[in-house]
Amino acid sequence: MIYTGCGTSFHAAQTGGEAVQALELVLRSERDADVLVCVSHEGDTPLTLEAAEAFRGPKWLVTGKADSPLGRLCDEVVVSTPEIEQSWCHTASYTCAVAALGALRGEDVSWLAAEV
């Protein structure tokens with residue numbers, strides 16, 4: 001499994017495991033990974049979309065919006081936020097993406113809501 005994204009979404013992707021910037025994946029899509037996990041707040045980041053199109057295996061998306069260009073391209077979509085965050089700094093959606101990636105790895109993230 002390999003993770004990708006751009007900007008804040010890439011930083012969240014890094015918490016999942018081996019992560020590659022979307023641009024690097026576009027430039028060299030052949031990777032030793034069976035699944036690509038994309039992280040995108042709204043599912044429409046052009047470079048992350050291009051990276052997903054270049055990857056030849058199954059693709060998953062962690063996002064706040066299932067109905068998106070990336071959502072339509074990916075085999076599995078995990079909606080990690082109750083709505084699209086209005087703030088440009090993506091604090092809540094970043095936290096939710098990191099929690100969703102942890103849950104996908106089998107971590108117990110049930111404690112998070114009470115702490116936030």
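How many residues does helix 5 have, and how far does helix 5 reach from its first C-alpha to its last? I looked this up first and found that helix 5 (residues 91-104) has 14 residues and reaches 20 Å, close to the 20 Å expected at 1.5 Å a residue, where the expected span is 1.5 Å times one less than the number of residues. Helices (H or I, at least four residues) and strands (E, at least two) are DSSP runs, numbered from the N terminus.

I note for the record that this is a predicted model, in which local features need pLDDT of at least 70 and side-chain atom pairs count only at pLDDT 80 or more, while totals for chains, interfaces and linings use all residues. Residues are numbered from 1 along each chain as its sequence is written, and side-chain values use heavy atoms, with hydrogens and water left out.

**Helix 5**

I then checked burial, where buried means under 20% relative accessible area, exposed over 50% and partly exposed in between (1.4 Å probe, protein chains only). In helix 5 I found Ser93, Ala97, Ala99, Ala100, Leu101 and Gly102 to be buried. These buried residues pack against strand 1 (2-5), helix 1 (8-14), strand 3 (36-40), strand 4 (59-63), strand 5 (76-79) and helix 6 (112-115), a contact being heavy atoms within 4.5 Å. After helix 5 comes glycine 106, whose phi is positive, near 95°.

I traced an open sheet of five strands in the order 2-1-3-4-5, with parallel pairing; two strands pair if DSSP finds at least two bridges between them. Strand 2 (19-21) and strand 5 stand at the edges with a single partner strand each, so one side of each is left without a neighbour in the sheet. From one strand to the next the twist averages 25°.

Strand 1 is joined to strand 3 by three bridges, and isoleucine 2 has leucine 36 as its bridge partner in strand 3. Five bridges join strand 3 to strand 4, with serine 40 partnered by threonine 63 in strand 4. I also noted that four of the five residues of strand 4 are buried.

Helix 5 lies across strand 1, strand 3, strand 4 and strand 5, and runs at about 140° to strand 4; axes are lines fitted to C-alpha atoms, for helices over the stretch in contact, and angles run from 0 to 180 degrees between N-to-C directions.

**The cores**

A nonpolar core is a set of buried Ala, Val, Leu, Ile, Met, Phe, Trp, Tyr and Cys residues joined through side-chain atoms within 4.5 Å. In the largest, which has 14 residues, I found that Ile2, Leu36, Cys38 and Leu70 touch the most other members. Helix 2 (22-27), strand 3 and helix 3 each supply at least two residues of this core, and the largest share, three residues, comes from helix 3. Apart from it lies another core, of 10 residues, among them Ala12, Val62, Ala97 and Ala100.

**Two single residues**

Is histidine 41 buried or exposed? I found histidine 41 buried, with a relative accessible area of 15%, in the loop between strand 3 and helix 3. Leaving aside neighbours within four places in sequence, its contacts include Thr8, Lys65, His90 and Tyr94.

Alanine 13, in helix 1, is buried with a relative accessible area of 0%. Beyond neighbours within four places in sequence, alanine 13 is in contact with Tyr3, Thr4, Ala19, Val39 and Leu101.
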